Amino acid sequence: MLVGGEWREARAEASLPVHNPATGEVIAAVADADADDAADVLEAAAAAFPRWSATPPRRRAALLHDVFLALHERAEEFAQLITLEMGKPLAESRAEVGYAADFLRWYSEEAVRISGSYRTAPDGSARHLTLRQPVGPCLLVTPWNFPLAMITRKVAPALAAGCTVILKPAEETPLSALHFAHVMAEAGLPAGVVNVVNTSRPGPLVEAILRDRRIRKLSFTGSTEVGRRLLELAAPGVLRTSMELGGNAPFIVFRDADIDAAVEGAVAAKLRNGGQSCVAANRFIVDDAVAPRFIEGLAERLRAQIVGPGADPRSTLGPLINGGQRDRAVGLVDDAVSHGADPVVHYGTAGPGDAFLKPVLLDRVPPAAQIARQEIFGPVATVYRFSTEQEGLALANATESGLVGYVYTQDLNRALRAIEAMECGMVGVNRGYVSDASAPFGGTKQSGLGREGGEIGIQEYLETKYASIDATGTRGFG
Ligand code: SIN
């Protein structure tokens with residue numbers, strides 16, 4: 001754990017094993033905190049807040065920029081670590097380091113642009129001054145699928161705004177978080193500004209932190225189910241919350257799409273991170289007129305994937321995070337096939353106990369199948385067919401999730417109609433990738449609250465204060 005600048009054991013001296021998903025081997029053990037450790041991290045984050053929030057923005061910006069440079073210098077170290085603890089192929093881990101570093105650069109640039117306003121009250125009797133101030137110590141709870149980028153996406157805007165943080169990384173991937181904290185400390189981050197706590201029992205620890213009045217904000221990335229529970233825990237303290245929750249992304253291929261481009265985009269949107277991403281394409285909604293060509297192209301690309309350990313440069317698809325995740329995906333595939341889905345590409349028999357899963361492509365998935373409603377989080381592509389634009393858009397919106405949608409069409413008017421009709425926070429048009437540190441990432445409906453990235457991302461860590469200043473004495477001119 002990193003608490004107030006000190007590396008230490010948990011109070012109970014318990015430890016948490018970290019596994020390599022490719023082999024199942026234990027590769028490290030880290031401190032395993034419980035609710036008894038909450039008071040120490042809260043104290044550290046609260047004690048560091050007055051000084052950090054008063055640190056000149058330019059100094060905060062310079063520090064974030066130094067960490068951005070350090071991540072690039074040490075990119076290979078971080079990439080190896082991400083692959084080791086999370087499993088994705090090295091090429092993808094390298095891309096994640098670049099993506100993670102971008103948040104540090106972007107928010108180093110935003111730290112010096114926190115603005116306010118000055119207005120004359122409509123009746124002239126007062127001046128209205130508005131200022132933006134950091135919300136206070138924040139709890140950041142991050143997932144295992146992007147062990148570094150999901151951390152920098154929260155830490156960078158929080159620090160740029162002047163907040164201090166308690167970071168609780170996923171129990172599956174604590175090593176990237178700890179290494180990142182080392183790099184931040186080496187860059188000169190003052191003690192207590194970033195504290196890191198790992199635990200195998202997140203419930204009691206997170207609850208103890210959220211019940212404490214020193215914490216002012218919760219930012220979470222993870223499932224909608226856990227997000228709902230965290231919102232309940234945040235309610236008594238009326239905490240500010242940012243929730244980046246699950247998706248069920250539609251990927252619509254209209255009859256006028258460039259099919260080769262759509263297949264290329266589909267591979268990116270489905271297989272990035274082995275499908276373990278909240279922005280992964282979950283449902284391919286394809287016009288009947290072009291479905292055979294699209295399915296044939298996608299099937300060919302899925303069959304060509306080389307499934308193997310992420311550390312092997314030949315692998316294009318690594319293991320899932322663990323056997324449990326693999327078994328869950330297999331269960332969804334079996335359920336869909338038993339409901340009548342057509343298995344165009346199928347792994348055959350997948351033995352239990354190992355985290356690898358070959359890609360699957362299911363056509364004509366019936367709405368009754370569980371996979372139509374659940375986030376798959378694996379390399380399984382499902383196809384649903386339609387014949388009119390309205391039908392395709394209705395299918396896309398038939399979900400409680402609203403994170404992202406993808407649209408392939410060469411008709412600009414159709415693309416604009418789709419962007420406006422889709423019930424989600426982000427739309428990819430003729431591309432299967434929307435993530436960018438400079439853009440607002442986030443969802444509508446049950447996919448979350450708030451946005452990360454872009455100019456808006458720093459606002460999640462700022463409060464508005466308004467001062468009304470008597471100005472009656474200024475009257476009388478003219
Ligand atoms: C996520 O899966 O939670 C985020 C993916 C991304 O930022 O691209």
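How do the residues of the lining of the largest cavity divide into nonpolar, polar and charged? The lining has 6 nonpolar, 4 polar and 3 charged residues, where Ala, Val, Leu, Ile, Met, Phe, Trp, Tyr, Cys and Pro count as nonpolar, Asp, Glu, Lys and Arg as charged, and the others, Gly among them, as polar.

## Basis

The model is predicted: local features need pLDDT of at least 70, side-chain atom pairs count only at pLDDT 80 or more, and totals for chains, interfaces and linings use all residues. Residues are numbered from 1 along each chain as its sequence is written, and side-chain values use heavy atoms, without hydrogens and water.

## Cavity

The whole structure holds 5 cavities of 30 Å³ or more. A cavity is a set of points, on a 1 Å grid over the protein atoms alone, where a 1.4 Å probe fits but cannot get out; lining residues have an atom within 4 Å of a point. The volume of the largest cavity is about 80 Å³, the space filled by probe spheres set on the points, which are joined across faces, edges and corners. It is lined by 13 residues, and F146, M150, S277, C278 and F441 are the closest to its centre.

## Ligand

The ligand sits in the largest cavity, with more than half of its atoms within 2 Å of the grid points. Around the ligand are 13 residues, each with a heavy atom within 4 Å; Y99, R153, R272, C278 and S435 are the closest.

Oxygen atoms of the ligand make polar contacts (N or O pairs within 3.5 Å): 2.6 Å to a polar side-chain atom of Y99, 2.8 Å to a polar backbone atom of C278, and 2.4 Å to a side-chain N or O atom of S435.

Key: A polar contact is a pair of N or O atoms within 3.5 Å; within protein, one must be able to donate a hydrogen and the other to accept it, and residues adjacent in sequence count only if both atoms are side-chain atoms. On a 1 Å grid over the protein atoms alone, a cavity is a set of points where a 1.4 Å probe fits but cannot get out, and a pocket is an open set with protein on both sides within 12 Å along at least five of seven lines; lining residues have an atom within 4 Å of a point.
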